[in-house]
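Subject: Structure handover

Hi,

Here is the structure I promised to pass on. Please open it alongside this email, and read my notes below.

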Amino acid sequence: MADSRERRSAWDNGTKVFHWVKKDLPPHVNPPNRLIPAGKAASARGILTIFTAFCDDDALDLLTLESNRFMRQLRRSKCKPISVSEMRTLVGICFYMTIVVSPNRRMYWWAETRQPTVTNAMTVNRFEEILSVFHVNDNGLMKGRGERGHDRLHKVRPLIELVNRAFKANAEPETFVSVDEQMIPFKGRHGLKCYMMKKPKKWGYKVWVLAGRSGYVHRFEFAGDNTLSYVGSALPVGKTGEVVLRLTEHQQQGSYVFFDNYFACPELLVELKEKKLNATCTLRENRSRKCPLVSLKEIKKKGRGTYDFKSDKDGSVLICKWFDNKVIMVASNIHGVEPPHMVQRYDRQKKEYITVKCPSLIKSYNESMGGVDKCDMLMKLYRNDHKSKKWYKRIIFHLLDLCVINAWLLYRAADAERTLPLCTFKLGLAVALIRSERPVLERPPVVHGAIKSTKSVCEDVRYDRVDHFSIRDTEASFPQRCKLEECTRISQFKCRKCGVVLCVTGKDGGDDCFYLFHHR
């Protein structure tokens, strides 16, 4: 008898044999989840400094170096070499265009619709010239198809690795993470482009993303990437299960991982439990490993809120079938069905809200599975919708936008009093990238009017100590009050770069307001 039990509990040819019994897992209380900045992001104060924790000088140097190299490969001898300052300005202008949207990119420079923030920073011809050679890798090192070392994502590989490292270094791993797919919209020609019928953007690149409950992306990889390494597992989890194992291989023990039925199987839950990772997922019925749950017809007869569950004899996996609007199947290696929670649902027949019983593991899944979806929502608000037939440009701008989203989430997580909306954050970042650490054009097409409040001046521009000079405000018909806090004097001068009216003479022999405004 003992020998037969050992044989039943053993794995046959690497496949676990599940023995289902009517037994619940012990009740479990979820710990709190926090997004904590780390590395450079932990000490960052301003909008620009926290963004440079993700897209630092190394990234700008890479863009500048490879764009100049591609310009030489095209033999554009008449084109002026690109500087790091120009590349920084171009990225800022691209961010600005996602907030102040125009039907045509050249309209930002037209006389009728011009935007001084853009036109004073770069000419339209120079902008399009740099954009036409936008590159992040050397084409001369690219291997052809069939050659050893061929990389489908060679043109964007350095940026993918740099961004993944930055995401990992600038935030502590969250307790609750989810794995899901993300789409990069693209309709051009490329081998990695796929079609997903149920997505809002049906054509594009599919990206596997590990995101926290906050929406912060901790790690990602491209579907179809031929350079991904195989993650060894004791059980056959399939190709989709390997995606979850790869993305969570650096996750701390005791973390909670959530994913949908595209990746899920009972063997994957067992494998994650061996790695001391708590996992909950939806499950397809043909992957339930013959778990004897109540049939679809019977559970519908019992009505809404009915559920049935079974667990493996060793308590490694629990599978639950629950009837809400339709029947869904959820599996977990940590959460059970008890204690059930009461949820509100709308009954179309009674035309009123009713109370429905919901198992505990389904409540936990609904609370933590939306991390990637939240990131998608934030990306869609101000996406860089750059039109180009060059497939790699779409990926580059997507990764830059992803850096902005992560920087904004960390900016708010570092201080609870920071309630800056994403729109204001990205606009401030764009202006900081355009204006900070660079001089103003000698003859700007449009002269900036005086700014009414110091709050509208980005701190990264205000304290950069580059090209701040006092000039007479010729546009004002009469002198204005100094805009520095606690100063009531009248002045006819303003800062050439910031556009703020300030005193240039000190009171009672002290420092003048112009000096105090530009120094911390």
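Why is strand β10 (residues 307-312) described as largely enclosed by the rest of the structure? Six of its six residues are buried, so the strand is largely enclosed. Keep in mind that this is a predicted model.

Now look at the two sides of β10. Y307, F309 and S311 point one way. D308, K310 and D312 point the other way. In a regular strand, side chains alternate between the two faces of the sheet.

Next, the neighbours. β10 pairs with strand β3 (residues 20-21) in the antiparallel sense, over two bridges. There, V21 stands opposite S311. β10 also pairs with strand β11 (residues 318-323), again antiparallel, over five bridges. In β11, I319 is the bridge partner of K310. The hairpin of β10 and β11 has five residues between the strands, and G315 takes a positive phi near 75° there.

Then find D460, in helix α16 (residues 459-462). D460 counts as buried because its relative accessible area is 14%, under the 20% cut-off. A polar atom of the D460 side chain lies 3.1 Å from the backbone nitrogen of L48. Residues that D460 touches include G46, I47, A432 and S436.

Last, the second largest pocket. It holds about 580 Å³ of space. Of its 24 lining residues, N164, R219, F220, E249 and H250 are the closest to its centre. Helix α8 gives the largest share of the lining, seven residues. By class, the lining has nine nonpolar, six polar and nine charged residues.

Best wishes

Methods:
Residues numbered from 1 in each chain as written. Predicted model: local features only at pLDDT ≥ 70, side-chain atom pairs only at ≥ 80, totals over all residues. Heavy atoms only, no water. 1 Å grid on protein atoms, 1.4 Å probe; cavity = no way out; pocket = protein on both sides within 12 Å on 5 of 7 lines; lining within 4 Å. Points joined across faces, edges and corners; volume = space filled by probe spheres on them. Helix = DSSP H or I, 4+ residues; strand = E, 2+ residues; numbered from the N terminus. Nonpolar A, V, L, I, M, F, W, Y, C, P; charged D, E, K, R; others polar. Buried < 20%, exposed > 50% of the residue type's maximum accessible area, 1.4 Å probe, protein only. Polar contact = N/O pair within 3.5 Å; in protein donor to acceptor, adjacent residues only side chain to side chain. Contact = heavy atoms within 4.5 Å. Pairing = 2+ DSSP bridges. Lists of a residue's contacts leave out its neighbours within four places in sequence.
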